[in-house]
Amino acid sequence: MSYVIGIDLGTSAVKALLVDRNGTVAAEASRSYPLFHEHTGWSEQRSDDWVDASVEALRELTSTAGIEASAIEGISFSGQMHGLVLLDGEGNPVRNAILWNDTRTTEQCREIERTLGDKLLSVTRNPALEGFTLPKILWVRQYEPEAFVQAKLFLLPKDYLRYRLTGQLHMDYSDAAGTLMLDVAGKEWSGEVLEAFALPASFCPPLIESHGLVGTVLPQIAERTGLPATTKVFAGGADNACGAIGSGILSEGLTLCSIGTSGVILSYENDKTKDFAGKVHFFNHGKQDSFYAMGVTLAAGYSLSWFKKTFAPNESFDQMLDGVGKVKPGAGGLLFTPYLVGERTPHADSAIRASFIGVDGSHERIHFARAVMEGITFSLNESVDMFRRAGKTVDTIISIGGGAQNPVWLQMQADIFNATVVALENEQGPGLGAAMLAAYGSGWFDSLESCADKFVKHADSYSPQPEAAAAYEGIFKIYQQVYEQTRGLNEALAPYRG
Ligand SMILES: Nc1ncnc2c1ncn2[C@@H]1O[C@H](COP(=O)(O)OP(=O)(O)O)[C@@H](O)[C@H]1O
Ligand SMILES: O=C(CO)[C@@H](O)[C@H](O)COP(=O)(O)O
């Protein structure tokens with residue numbers, strides 16, 4: 001039997017999956033690394049922590065999986081999106097990486113809007129959001145000129161990891177799309193954007209397809225990881241593109257719901273001219289010449305883990321949520337908006353904060369827990385709603401991520417989205433998508449679709465319950481009013497935040 005490895009370079013940890021030709025996960029290994037929040041809204045990581053953690057995870061895979069290392073044919077990557085790694089002329093990082101969930105760049109976003117005008121949406125196909133890469137580049141140039149002057153080229157997180165493993169500099173289209181510097185439909189770095197911000201073309205790495213072969217692992221990496229020096233390395237993709245590949249979202253009409261730290265509703269798109277007027281993200285897919293539209297809830301799973309950390313620190317998620325299915329839809333009139341760290345879709349607003357509305361003397365902790373799950377799902381439903389309004393059919397949604405582990409939540413998704421929700425067997429999210437890119441790149445399959453036929457296995461499916469769906473339709477309309485009604489209050493409270 002031969003194997004491929006999918007590496008999911010996440011925000012809190014890296015996870016490596018060893019996958020055989022049947023799509024069965026033969027072994028997995030994970031290592032975490034720290035996040036640094038030096039100031040409110042800042043979020044950074046040390047780029048070399050990703051490399052050390054990945055090397056350790058690979059070493060564990062090769063030494064404990066009980067297979068001949070020579071059976072490992074290829075490796076590919078899924079990466080947290082948008083994070084800025086600046087390299088000097090020697091290929092070393094000039095400062096810590098600034099991550100997707102860092103919100104320090106509001107001023108630079110406004111500058112991008114002023115400078116690019118209509119070009120922003122027509123070329124990059126996305127609005128200027130704090131999490132994206134170009135505003136981070138402009139921030140470093142403005143506030144850390146001594147670091148910026150050393151910077152010769154930028155990479156995204158998984159591209160830096162791949163560079164350290166192979167010595168080759170590349171970026172794939174799906175991740176490049178989240179930089180605000182790519183001409184998304186034209187599939188090239190935008191000369192207009194680079195010129196507008198006086199950035200040289202040499203600042204951007206060569207572009208490559210996600211299944212594209214980059215090379216083999218460096219001899220010293222082969223030695224440290226136990227991988228054969230012949231292991232082929234394929235470019236990989238953005239975590240959401242890889243999550244979609246790993247869930248079989250490879251043709252029109254298929255929609256993904258992912259509830260991890262952040263949450264996304266993602267819809268496959270063949271038509272590169274499709275115009276969502278910047279209301280949702282529009283990115284290149286990891287499948288060649290295809291695209292996806294995506295709405296993002298910044299604090300999805302994060303809202304529930306914040307709730308657990310604060311109100312049930314010594315319990316597991318399953319213990320904390322025991323009995324949540326007995327609370328009726330609507331949590332007894334309690335409504336939560338998940339704006340703990342601001343929001344992206346449909347309200348790109350880094351200042352808004354969360355609310356519980358309708359707290360009543362009869363409410364117990366379990367009502368609050370249900371309200372948090374409902375609020376996260378309502379936020380994702382704003383994206384579903386937007387796709388439907390844009391003419392897309394959303395009737396079946398594949399649900400992945402930590403949020404898909406709870407059957408009550410899966411039923412709630414079906415009721416709130418008013419669509420059939422399908423869970424996956426042995427769901428591995430983006431890591432499986434990365435392994436599929438390596439399997440396809442290695443020539444095991446003639447297309448990603450035929451790889452998905454073998455690797456992606458559907459499990460339980462949840463249909464909307466008419467009574468619950470009707471209740472949620474009404475509550476969703478109330479939910480949608482909370483943003484406008486609390487915006488001014490949150491702006492007034494902002495100076496008092498720590
Ligand atoms: N058993 C569970 N039931 C419900 N939600 C869960 C459970 N386990 C994890 N989660 C949710 O999933 C989130 C983590 O999802 P995961 O896909 O692992 O995220 P990431 O890859 O972004 O770190 C947690 O923040 C939590 O909200
Ligand atoms: O910013 C985005 C997408 O635009 C995030 O999806 C990040 O790519 C990472 O999210 P997690 O997988 O850690 O939740």
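A polar contact here is a pair of N or O atoms within 3.5 Å. With that cut-off in hand, keep in mind that this is a predicted model.

## Around ligand 1

Start with Asp318, where a polar side-chain atom sits 3.2 Å from a nitrogen atom of ligand 1.

How many residues surround ligand 1? There are 17, and the closest are Thr261, Gly301, Ser305, Asp318 and Gly402. Two elements give two or more residues to this shell, namely helix H11 (301-311) and helix H12 (317-320). H11 provides the largest share, with four residues. Sorted by class, the shell holds six nonpolar residues, ten polar ones and one charged one.

## Around ligand 2

An oxygen atom of ligand 2 lies 2.7 Å from a polar side-chain atom of His82, and Arg344 brings a polar side-chain atom to 2.8 Å from an oxygen atom of the ligand.

The residues surrounding ligand 2 include Thr11, Trp100, Ser262 and Met294, along with Thr261 and Asp239. In terms of class, this shell has three nonpolar, six polar and two charged residues.

## Asp239, the annotated position

An unreviewed UniProt entry places the feature "active site" at Asp239. This residue belongs to helix H10 (residues 239-245), and it is among those surrounding ligand 2. Is Asp239 buried, exposed or partly exposed? Its relative accessibility is 21%, so Asp239 counts as partly exposed.

The side chain of Asp239 makes a polar contact of 3.2 Å with the side chain of Asn240. Leaving out neighbours within four places in sequence, Asp239 is in contact with Ser78, Gly79, Gln80, Met81 and Pro430. Among those partners, Gln80 and Met81 also surround ligand 2.

## Helix H14

Helix H14 (residues 407-417) is largely enclosed by the rest of the structure, because nine of its eleven residues are buried. Those buried residues include Trp409, Leu410, Met412, Ile416 and Phe417, and also Gln411, Gln413 and Asp415.

Both ends have something to look at. At the start of H14, a side-chain oxygen of Asn406 comes within 2.8 Å of the backbone nitrogen of Val408. Just after the helix, Asn418 takes a positive phi of about 50°.

## Backbone spots to check

There is a cis peptide bond between Thr345 and Pro346, with omega at about 0°. Pro346 sits in the loop between strand E20 (335-337) and strand E21 (355-357).

Arg125 has a positive phi, near 65°, and lies in the loop between helix H3 (119-124) and helix H4 (133-143). With a relative accessible area of 12%, Arg125 is buried. Asp289 also has a positive phi, near 60°, in the loop between strand E18 (281-284) and strand E19 (291-297). At 48% relative accessibility, Asp289 is partly exposed.

Notes: Residues are numbered from 1 along each chain as its sequence is written. Chains are lettered from A and ligands numbered from 1 in the order in which they are written. This is a predicted model: local features need pLDDT of at least 70, side-chain atom pairs count only at pLDDT 80 or more; totals for chains, interfaces and linings use all residues. Side-chain values use heavy atoms; hydrogens and water are left out. A residue is near a molecule or strand if one of its heavy atoms lies within 4 Å of it. A polar contact is a pair of N or O atoms within 3.5 Å; within protein, one must be able to donate a hydrogen and the other to accept it, and residues adjacent in sequence count only if both atoms are side-chain atoms. Ala, Val, Leu, Ile, Met, Phe, Trp, Tyr, Cys and Pro count as nonpolar, Asp, Glu, Lys and Arg as charged, and the others, Gly among them, as polar. UniProt positions are given in the numbering used here, feature names are shortened, and annotations may be inferred rather than shown by experiment. Buried means under 20% relative accessible area, exposed over 50%, partly exposed in between (1.4 Å probe, protein chains only). Contact means heavy atoms within 4.5 Å.
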